[in-house]
Amino acid sequence: MALEAILAYLHLLAILTMVVFIASEAALCRVEWLNAKVVERLVRLDAIYAGAAVAVLATGVARTVWGVKGTAWYWTNPLLHIKLTLFVVVALLSIGPTRSYLRWRKRLRADGTLPTEAEVRKTRKLVMIEAHLIALVPLAAVFLARGFR
């Protein structure tokens with residue numbers, strides 16, 4: 001039982017970290033707030049967000065392998081597959097903003113140019129879609145935890 005509690009805690013901590021950092025990206029990725037320091041900060045926030053996403057996946061897999069319910073229970077439940085699909089969609093969507101932030105930083109360091117208003121708006125839209133899709137994952141999780149199929 002102690003292992004189950006520790007795995008659940010680590011999974012929840014990783015999820016909260018992921019949510020905090022995508023929310024931070026959403027807050028900072030705004031035309032009116034973008035400056036050189038914000039571009040640098042967005043790159044760092046996005047790296048932490050990616051690390052937290054990896055931790056969410058790793059701790060989730062650990063819960064299915066070493067948790068009380070076991071792999072047979074988890075992997076045959078369609079809700080787990082819904083959660084994973086949402087997670088993969090969010091991960092794929094996050095490629096765009098990551099590439100944008102890195103491109104912006106490269107350009108900024110090369111010639112001091114900030115991204116255009118259109119670039120920032122497009123990137124922010126993707127970040128907001130990610131943030132809203134992430135909010136659906138816990139919905140599937142609470143039903144999964146209660147044994148729904």
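This is a predicted model: local features need pLDDT of at least 70, side-chain atom pairs count only at pLDDT 80 or more; totals for chains, interfaces and linings use all residues.
The protein chain has six helices and zero strands, and from the N terminus on its elements run α-α-α-α-α-α. Taken along the principal axes, the C-alpha atoms of the chain fill a box of roughly 55 × 25 × 20 Å.

Let me turn to the packing, and begin with helix 1, which spans residues 2-28, and helix 2, which spans residues 36-66. As a reminder, two packed helices are described by the angle between their axes and the distance between the axes. For helix 1 and helix 2 the angle is about 155° and the axes are 8 Å apart. Angles over 145 degrees count as roughly antiparallel, and helix 1 and helix 2 are therefore roughly antiparallel to each other. Helix 1 passes helix 2 in a left-handed crossing, and, sorted by class, the contact of helix 1 with helix 2 has 21 nonpolar, five polar and five charged residues.

Helix 1 also packs with helix 5, residues 117-134, where the axes come within 9 Å and cross at roughly 150°. That angle makes helix 1 roughly antiparallel to helix 5, and the crossing of helix 1 with helix 5 is left-handed. On the helix 1 side, the contact is made by Met18, Val19, Ile22, Glu25, Ala26 and Ala27, while helix 5 brings Arg124, Val127, Met128, Glu130, Ala131 and Ile134. By class, this contact of helix 1 with helix 5 has nine nonpolar, no polar and three charged residues.

The next pair is helix 4, residues 78-111, with helix 6, residues 137-145, whose axes come within 9 Å and cross at roughly 165°. Helix 4 and helix 6 are therefore roughly antiparallel to each other, and their crossing is left-handed. In this contact Leu79, Leu80, Ile82, Lys83 and Leu86 of helix 4 meet Val137, Ala140, Ala141, Phe143 and Leu144 of helix 6. The contact of helix 4 with helix 6 has nine nonpolar, no polar and one charged residues by class.

That leads me to the pocket. Which residues lie nearest the centre of the largest pocket? They are His11, Ile15, Lys83, Val137 and Ala141, out of a lining of 30 residues. Lys83, Val137 and Ala141 are also among the residues in the contact between helix 4 and helix 6. The largest pocket has a volume of about 700 Å³. At least two residues of its lining come from each of helix 1, helix 2, helix 3 (residues 70-75), helix 4 and helix 6, and helix 1 provides the largest share, eight residues. By class, the lining of the largest pocket has 22 nonpolar, three polar and five charged residues.

To close, I would come back to helix 1, which is roughly antiparallel to helix 2, is also roughly antiparallel to helix 5, and supplies the largest share of the lining of the largest pocket.

Key. Residues are numbered from 1 along each chain as its sequence is written. Side-chain values use heavy atoms; hydrogens and water are left out. Axes are lines fitted to C-alpha atoms, for helices over the stretch in contact, and angles run from 0 to 180 degrees between N-to-C directions. Helices (H or I, at least four residues) and strands (E, at least two) are DSSP runs, numbered from the N terminus. Angles under 35 degrees count as roughly parallel, over 145 as roughly antiparallel, 65 to 115 as roughly perpendicular and the rest as oblique. A crossing is left-handed if the near helix is turned anticlockwise from the far one by less than a right angle, and right-handed if clockwise. Contact means heavy atoms within 4.5 Å. Ala, Val, Leu, Ile, Met, Phe, Trp, Tyr, Cys and Pro count as nonpolar, Asp, Glu, Lys and Arg as charged, and the others, Gly among them, as polar. On a 1 Å grid over the protein atoms alone, a cavity is a set of points where a 1.4 Å probe fits but cannot get out, and a pocket is an open set with protein on both sides within 12 Å along at least five of seven lines; lining residues have an atom within 4 Å of a point. Grid points are joined across faces, edges and corners, and a volume is the space filled by probe spheres set on the points.
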